[in-house]
Amino acid sequence: MIQNFAEVILPLPMPGTFTYEIPAGWQVQIGQRVAVQFGKRKIYTGIVHSIHQNKPELYKTKPLEAILEEELLVLPAQILFWEWIAAYYMCSLGDVYKNAFPSALKLESDTFVKAIKDKEFPEEENLSAHAFLLWQTLQHRTMISVNEATDLVELKSVLPVLKELLDFGLIQLDEKLQKKYTPKIEYYIQPIISMEDDSLPDILDEMDRAPKQRELFFKLLAQYKQLDKPIKASTFLKANGGTYATLRSMKEKGVIDLFENQSERISEYGEDVNEIHTLSNKQQLAYQSIIEQFREKDAVLLHGVTSSGKTEIYIKLIEKVLQKGKRVLYLLPEISLTTQLTRRLQKHFGDDVGIYHSKFNQNERVELWHKTLNNDYKILIGARSSLFLPIQDLGLIVVDEEHETSLKQSDSKPFFHGRDAAMVLAKMAGAKVLLGSATPSLEVYHAAKEGKFGYVELTERFGGVQAPEMEIVDLRKATHKKQMNGDISSRLEEEIRDTFELKKQVIIFQNRRGYAPVMECKNCGHTPYCPNCDVALTYHQLSHQLKCHYCGHSQSKPHQCYQCKSTELETKGIGTEMIEEEMNQIFPHHSIARMDVDSMRRKNAFEKLIDAFQNKEIDMLVGTQMVTKGLDFEDVTLVGIIRADSLLNFPNFRAHERAFQRIVQVAGRAGRRKERGKVLIQAFKAEHHVLQLATQFKYHELAEQLLYERREFLYPPFTRLIEITFRHKSKERAEKASRYYGNSLKKYFTDKTLLGPEAPTIARLNNQYYFKILIKILPNQSASKAKVLLNDALINLQTIKAFRSVRIDFDVDPI
């Protein structure tokens, strides 16, 4: 009899797949979700990668524990995409699976402890106090988790106590699969009898003494007749009053049916669908040009100035793709952009639009995954994670604001770039890619100019609206002439007053959250630093705390200096909280709100703030880079940038490119309808060439300057970069590992193409010391061969026992 084996992908940072035996008679398919045992006790959810008859000779295989459902949850095409991500971004297939698949669908094994029945108990003095306490607890409970046992004995580790009880044979460990996804169950109601029913008079007589039941019954009859479907009980009670007890009494009387049903967490669009607007002449020409270039190119860059109507062109292209029976993925860099855009698309396409992003809880993500798999949506909008959805019949991927750095994942593996991964996914699916931006990344702009991508330019704003008037306020002069009110110049204050008088709105941009980045002692100059990182703590006035924005450490604001005990403490630098406070002091009779990571933590916080601003309940919006990206408000006519210098002074070869992009993007929020907008840029280096070019919207001139510098110093788009990070709690060990690794590569790379190892600007994060090596791969070199060399050097490094504990990460195409 032929024995079949399954290669299974597990959510582990280990290379390759894992071989398991398929029990006789089991029907297993590629893409199915299975439960497998890994190691002695751990059970994981895996995805079947492939099936074969090649029995491993070096080890005995374990059987699959269970097939978790008959249908496929991952498409074979998705597995191919995962493999490309793993190979290109130099991580394991398990890393990709862990990131791509909804966590709630990954059943996890949790260790439980239970007492062995009828076991003779040893003398009390033979057990430690902690072991006796745990055993006693187990006499009254069937089992407890290891986490509960840890809390019970109040020790850092409960393992010695468990070992003690295991040695006496008093307990056993048990593995239980924890199912994270739970369907949302809600109560629904519907009337059992109608107005024409003969028994109605008798039932109404019975309800004479229960006027609330009688009232609810008539309201339910009216609503049910209108909707002709069961009504959600919670919605009905909220609108009409009453309680679930009232409904249960009505059910007992045989008036209504009250039942449970699985409800969807993803809300539907319940409004009328509108026709797609007719394009202007310039938009129509751009649209036709994109269609023509798609005949020869797989990707096209739409380079349109802010407010040129790029979204309307996207919508027209989406309509064309849908007519062919294909689906569309609309990729956005930030979830803050999804609110307005989703509404615009839903106005045209209704419930064909689905949305997927990180603010969704795990259960919502599972439901959207299933809906996508069932082809319930024709258009999907989301951030970079939406690339991993099981989309079938893909015809077009739109990557809006393709220049944004947030399209690159940097917090966990795989460190992939959403734009670049979208290009590969589209090629695999036979789809086209439209890249859109007012300030394209230099890599994409250069590729378009070289003819690798199509290129379409929109140079005018929609409706003939003029570009905003740009003005630089020299902070050196303003400070010298005492024309400053805190961090707000008299010029900016004057413009804000004029804008408010005209009943218009203002956006203020400051690229740092918190109240102040530094708190300093006036007496000795001491600054509180994070105990876990080499970075000063940021002061947050609202919570009266000092916080680290890297590891999350927080502590209360000190009343005196930690070193000299002086009470004279001052803040230095400015954050969004401080600007919000200053604006409230200057304009006390106006509503001012803040949009940054701290104020937007709650679910739907974006939607509520955007709605309030759209409805003119808020006069001024103060924010970080969130306010620069794609927001469209009719009455915003003034934008203020508090410190443009802070955008220029980053130790990164892309600093000037990003500064230009930020300024132009936030400027694009002003005057998007009939009236011309105005932008005031406060800066100490008012004469800086990047600021001067930004005020004149001269993208092409800046691009040519920066491309010349990149070519001279071997930076993208003229080279490919791979950054290798070494980290360890021991600084010495991390440094030695990085130097050993760097030395092993010197025979393959020159001094110009191998930089480091060096400690980064912030050398310690979360009590881990960092060292970095930067590899430059020239155009005449093979990137895949370079990756093989880097992996071989890693294997060689890990043969040395002292270096095995050093964490090493590869970041391909770092931003």
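## The seven-stranded sheet

In what order do the seven strands of the open sheet with parallel pairing stand? The order is β14-β15-β13-β16-β17-β12-β18. The model is predicted. At the edges stand β14 (353-356) and β18 (454-458), and each of them pairs on one side only. Ignoring direction, neighbouring strands of this sheet are turned by 15° against each other on average.

Strand β12 (residues 299-304) pairs with β18 in the parallel sense, over five bridges.

## Strand β16 and its partners

Is strand β16 mostly covered or mostly open? Strand β16 spans residues 394-400, and seven of its seven residues are buried. On one hand, β16 pairs with strand β13 (residues 327-331) in the parallel sense, over five bridges. Here Tyr-330 stands opposite Val-398 in β16.

Five bridges also join β16 to strand β17 (residues 432-437), and these two run parallel. Leu-396 has Lys-432 in β17 as its bridge partner. To get from β16 to β17, the chain passes through helix α14 (residues 418-429). This β-α-β crossover is right-handed. Pro-414 lies in the loop between β16 and α14.

## The six-stranded sheet

A second open sheet has six strands, in the order β19-β31-β30-β22-β29-β28, and its pairing is parallel. Why is one side of β19 and of β28 left without a neighbour in the sheet? β19 (469-474) and β28 (592-595) stand at the edges, and each has a single partner strand, so one side of each has no neighbour there. The twist averages 20° from one strand to the next.

β19 and strand β31 (residues 678-683) pair in the parallel sense over six bridges. In β31, Ala-683 is the bridge partner of Asp-474. Helices lie against this sheet too. Helix α21 (residues 655-667) packs on the sheet and touches β19, β22, β30 (636-641) and β31. Its direction makes about 155° with that of β30. Helix α18 (residues 576-586) lies across β22 (505-509), β28 and β29 (620-623). α18 runs at about 175° to β28.

Phe-500 lies in helix α17 (residues 490-501). Its relative accessibility is 6%, so Phe-500 counts as buried. What does Phe-500 contact, leaving aside its neighbours within four places in sequence? Its partners are Val-506, Phe-587, His-590, Asp-619 and Met-620. Phe-500 and Leu-638 are 138 residues apart in sequence, but 9.8 Å apart in space, C-alpha to C-alpha.

Lys-503 lies in the loop between α17 and β22. Its phi is positive, near 65°, in a residue other than glycine. Lys-503 has 61% relative accessibility, so this lysine counts as exposed. Lys-616 is found in the loop between α19 (605-614) and β29. Lys-616 has a positive phi of about 65°, although it is not a glycine. With a relative accessible area of 36%, Lys-616 is partly exposed.

Helix α1 (residues 76-88) has 13 residues. From its first C-alpha to its last, α1 reaches 19 Å, close to the 18 Å expected. Which residues of α1 are buried? They are Gln-78, Ile-79, Phe-81, Trp-82, Ile-85, Ala-86 and Tyr-88. Met-90 follows α1 and has a positive phi, near 55°.

Ser-50 lies in strand β4 (residues 42-52). Leaving aside neighbours within four places in sequence, Ser-50 is in contact with Phe-5, Ala-6, Glu-7 and Ile-30. Ser-50 and Thr-17 are 33 residues apart in sequence and 9.3 Å apart in space, C-alpha to C-alpha.

## Another cis bond, and confidence

The peptide bond from Pro-716 to Pro-717 is cis, with omega near 10°. Pro-717 lies in the loop between α23 (699-713) and β32 (720-728).

How confident is the prediction? The chain averages a pLDDT of 87, and 92% of the residues score at least 70. Over residues 265-273 the pLDDT is below 50. Beyond near neighbours in sequence, this stretch has 25 contacts in the model.

How values were computed. Residues numbered from 1 in each chain as written. Predicted model: local features only at pLDDT ≥ 70, side-chain atom pairs only at ≥ 80, totals over all residues. Heavy atoms only, no water. pLDDT = per-residue confidence, 0-100. Contact = heavy atoms within 4.5 Å. Buried < 20%, exposed > 50% of the residue type's maximum accessible area, 1.4 Å probe, protein only. Helix = DSSP H or I, 4+ residues; strand = E, 2+ residues; numbered from the N terminus. Pairing = 2+ DSSP bridges. Right-handed = clockwise from strand over helix to strand, strands pointing away. Axes fitted to C-alpha atoms, helices over the stretch in contact; angles between N-to-C directions. Expected span 1.5 Å × (residues − 1).
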